[in-house]
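Good morning, colleagues. Please have the sequence and the structure in view while I speak.

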Amino acid sequence: MSRSTRIAALVIAALVGLPLAGASAFTLDRRWHTGVVEYHINNQGFRGSTLPTSVQSAAIEGGADEWQFEGCSPFQFNRLGATTTRIDNDGRNVVLVPEISSLPANALAQTTQRFRSDDPERLIEFDMEFNQHFVVGVPGNGTVMSGGGIAFGNMTGSGSEVVLSALDNVHPGLDYWRVTFGTSCQNGCSFVTPANIPAGGTHLASSAVALGELDTGAFGQETVLSAIDRFDGGTDYWRVRALRSCGTDPSTCVRSPILQVHPPGVNRMTGGGVAVANVFGNSKPEIFLLGVEEVDGGLDNWILAVLTDCDASLSCAAQNFHTIPTQGTVVTGGGIAVGELDGTPGLEILIAGIDNFDEGHDYWRANVVECTNGAVCTAGTTIIQVGSGGTTLTGGGVAIGNVDGDSDNEVMLGAIDVWEGLDYWRVARLDDDCFDTAPGCSTEITQVPGGGSVMSGGGVMLADLDASGTPELVLSGIDNYEDGLDYWRVAFGRDCDGGVCPIGRAFSTSGAPGTTDIQSVAAHEFGHAAGLNHTAAVPSAVMTCSIGTGMQRRDLTCDDVHGLQQLYSTSSVCPNFGKVQTLSTGLADAEGGHAVAVDLGGSTHGVMTIAVERGVPNPRWAIGVGSGCSTVTGECSWAPAQRIQSEAEALSSPSIAVGRFDGDADDDVIISAISTEADGTQGVRYRIGTECKSTGCEWGDEHFRPLTGASHPLTGGGVAVGRVVDDGSERPQVVIAAIERRPGAPDQWVYEIGIACGADDCVFSGFPQNVSSGVDDLVGGGVDIGSLDTSGTEEVVLAGIRTDPLDSDDWVVAILRDCSTNSCVSPSAPFTVSAAENGPAMMCGASRGQLLSDAAGTMRGGGVYVGDLSGGPEDEILISGIDAGDDHHFYRHVLLSNCDVGVQTCPAPTAARVTSSGAAGLSGGGITARRVDGDLDYDAVLVGLDTAGPSGAYWRVRNRVDPCGL
């Protein structure tokens with residue numbers, strides 16, 4: 001590591017939480033001094049992944065994108081091209097799957113951050129690693145380790161533990177067993193510091209371990225260690241030692257004397273396995289030792305030693321030896337397991353080894369041994385051969401268990417494939433047919449990346465770690481780490497289903513049961529990469545320290561947003577808006593983008609937006625409905641857009657408003673658009689939709705209402721629903737409006753009032769009215785109805801955007817009051833509201849970090865909403881538009897309060913606010929602030945229509961999420 005940096009590692013754990021980083025929500029002591037952090041994904045790290053590379057890469061990129069446009073901050077992650085760079089201090093931010101060499105047990109991913117030494121708060125690099133196969137490194141604290149046995153049992157008398165063993169051949173004198181215990185193994189284990197257990201020999205090899213009850217005491221099972229002493233001056237033999245009364249710390253175990261077991265007539269042995277089981281039905285289990293006799297120029301043999309009636313001090317009544325042909329010439333390994341294989345009373349002993357076949361792929365060789373009381377053991381006449389698919393196998397282990405849920409057990413054979421790069425475990429599953437009288441053996445080979453490049457051993461174990469009733473597959477081996485201390489590598493599998501035992505913590509993109517959602521993990525790790533630590537404040541937060549299987553935790557909570565905002569926000573004028581959602585209109589070319597919030601019946605709430613097809617005769621309306629909107633992310637569930645054929649020649653400037661036209665308790669809507677008829681008459685076409693659900697509405701006939709007061713082209717405008725006239729009826733009323741562009745004179749709004757509206761139509765006065773805007777070049781705009789004073793009647797608010805090529809654009813607002821069935825009163829001239837901010841401000845959620853001027857250069861579209869946003873006696877006005885002055889378009893919107901209807905002004909408007917649309921080519925620009933998600937808070941909804949995409953026109957919607965105290 002360079003002296004110019006320091007490193008901090010932040011880790012997310014699977015299911016079992018790691019210690020939190022303090023009681024407060026975040027440790028905010030590190031940040032990037034830029035708004036954009038670029039990263040690469042190393043796809044070479046995906047070898048052996050359970051997900052396709054493209055799917056997994058997209059999910060990781062999605063995790064980074066969760067932090068886009070959030071918290072009124074310009075911060076974002078930007079993915080660059082692929083890289084072959086691995087995890088290193090090289091100045092590149094790299095994401096790699098899988099790579100982890102050593103992590104705490106249960107770790108799913110790790111992000112390493114680097115800081116400048118002269119500025120410890122400044123981040124300069126991050127590297128991210130994902131543990132795709134849930135292979136954990138367990139420090140062995142030895143430098144010349146070999147073997148790699150694994151066993152599972154109850155050592156403490158009150159739980160279940162995993163034991164790892166190995167030989168350390170580093171000492172100039174006697175060799176050692178190194179032993180570690182893994183506890184809390186429901187989903188992986190937490191391993192303790194290894195203990196040194198003297199083995200008493202100088203040339204030991206082939207370590208193995210087993211658990212069994214030798215003393216029938218109350219302190220749990222005994223741990224039995226074995227190894228083969230390659231004795232230089234004579235024949236090889238086993239060394240065996242038992243550990244008892246251990247608790248969870250192997251250094252505290254009571255150690256038996258070392259038992260030497262000498263098989264007669266055997267000169268050279270390799271392999272080596274041990275099993276403890278009560279095969280004969282006596283009061284104590286037997287100890288079974290296995291080795292492979294190396295026969296020069298002939299076929300090798302398995303050597304099976306059976307030790308009977310042994311106690312915890314390894315004082316045994318008898319030692320019996322059996323020579324069993326392997327039918328191979330270069331057999332190594334020597335796995336042994338005991339279990340029920342043939343369906344008859346009594347247990348069988350399965351012995352196995354690796355045949356390092358010189359002329360092709362290596363083989364497992366296995367045989368079944370039947371033992372009866374008196375230690376009379378008979379091997380089967382048929383050697384089971386299982387092709388591994390590998391050419392350089394070493395180690396070898398075997399396990400027996402019921403992995404497919406039927407009445408018979410299956411067998412797992414394991415070994416290490418010494419690959420040219422990172423080594424692999426190879427695992428063969430043998431079904432129960434392999435052990436019939438006339439075997440018809442079905443096998444399945446699984447490859448598991450070990451993550452190490454100099455591995456040996458190859459232990460395999462089937463054990464119900466989580467007490468679910470189904471065994472998990474666990475693999476072990478030794479990584480002879482060239483640059484330091486050696487490691488055990490342990491691969492934790494999951495529940496075997498139908499005979500298939502998936503290895504590793506299964507990542508998915510759905511958070512399905514039994515899997516871990518990789519996008520959720522990526523979102524958490526990118527939070528670390530941004531500078532955030534773990535939070536304990538909100539259990540559902542992305543930055544909570546742990547995640548369980550079957551969960552998705554992708555959406556930022558207020559707690560997550562607060563952390564990012566404290567690090568990076570420089571603007572205090574941005575409301576908190578959620579992610580941009582896109583929804584296809586289903587139209588190749590369209591315009592529109594106004595929106596309303598709706599009650600869709602019962603407790604279902606949502607938002608509806610509108611567009612119309614352009615450039616074709618007899619265009620179609622398109623209506624999008626979003627429901628189930630999140631109070632945290634603002635995201636809604638969008639149904640496919642509903643499309644309705646129009647009778648018009650052409651439509652433009654569509655709008656939508658909500659009301660209750662059919663008399664029931666659910667919301668209905670009215671849609672409108674400007675139409676120029678075949679005879680040149682200008683006006684508004686509209687439809688009323690009732691029985692609105694999450695999939696759309698039932699639509700009435702299309703109607704045309706001429707705005708005869710308009711002699712020049714119409715644009716903008718919209719439709720609003722309210723109660724502007726006291727006509728003695730409870731029926732809703734509507735106002736339709738448009739902007740008339742008048743060359744050489746101020747533009748004006750043209751509007752008409754419809755009363756007694758039902759599910760089919762409204763009664764209009766027939767007298768459209770004009771209101772001068774007092775300005776030229778008025779575009780967009782909209783109309784809404786609300787109560788801006790305490791008079792008891794509602795007012796009409798008209799809005800538009802004055803465009804000025806030489807200056808900032810402005811909104812123009814007119815407030816009309818005291819309406820009759822024909823017209824309303826305009827007490828004074830319309831007033832203007834600047835669309836600029838109060839001084840320079842940071843774009844909220846920009847596609848790149850940048851400072852904006854206070855200018856609003858090229859505004860278009862726009863909408864208006866009138867409603868009670870403060871809980872006071874008077875409504876407020878929200879006006880909006882699309883700022884297209886850059887290649888990245890964004891929404892501008894402003895809140896007007898304390899409006900004086902008498903003089904038609906709102907004296908203290910808040911500063912204009914800027915929120916990213918996430919796109920270019922945006923038009924429309926509607927806004928609503930009615931309750932979208934069904935709670936008691938109002939939610940602003942910003943809508944635009946993206947026409948710059950390659951696949952037709954899309955709505956882009958941003959909902960304001962519930963207040964995060966911002």
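Cys899 and Cys906 are both buried in this model, which is a predicted one. A disulfide links the two, with 2.0 Å from sulfur to sulfur. The angle about the S-S bond is 100°, and the link of Cys899 and Cys906 is right-handed.

How many disulfides does the structure hold? There are 7, and I shall describe two further ones.

The sulfur atoms of Cys692 and Cys697 lie 2.0 Å apart in a disulfide. Its S-S torsion is about 110°, and therefore the bridge between Cys692 and Cys697 is right-handed. As for accessibility, Cys692 and Cys697 are each buried.

Cys819 and Cys824 also form a disulfide, with 1.9 Å between the sulfur atoms. Here the torsion about the S-S bond is about 105°, so the disulfide of Cys819 and Cys824 is right-handed. Cys819 is buried, as is Cys824.

Let me now turn to strand β40.

In β40, one direction is taken by His605, Val607, Thr609, Ala611 and Glu613. Gly606, Met608, Ile610 and Val612 point the other way, and the residues of both sets are all buried.

Which strands pair with β40? On one hand there is β39, residues 590-599, which pairs with β40 in the antiparallel sense over 8 bridges. On the other there is β41, residues 620-627, again antiparallel to β40, over 7 bridges.

Finally, the turns. β39 and β40 make a hairpin with 5 residues between them, and Gly601 in that turn has a positive phi of about 105°. The hairpin of β40 and β41 has 6 residues between the strands, and there Gly615 takes a positive phi near 85°.

Methods
Residues are numbered from 1 along each chain as its sequence is written. This is a predicted model: local features need pLDDT of at least 70, side-chain atom pairs count only at pLDDT 80 or more; totals for chains, interfaces and linings use all residues. Side-chain values use heavy atoms; hydrogens and water are left out. Buried means under 20% relative accessible area, exposed over 50%, partly exposed in between (1.4 Å probe, protein chains only). Helices (H or I, at least four residues) and strands (E, at least two) are DSSP runs, numbered from the N terminus. Two strands pair if DSSP finds at least two bridges between them. A disulfide is a pair of cysteine sulfur atoms within 2.5 Å.
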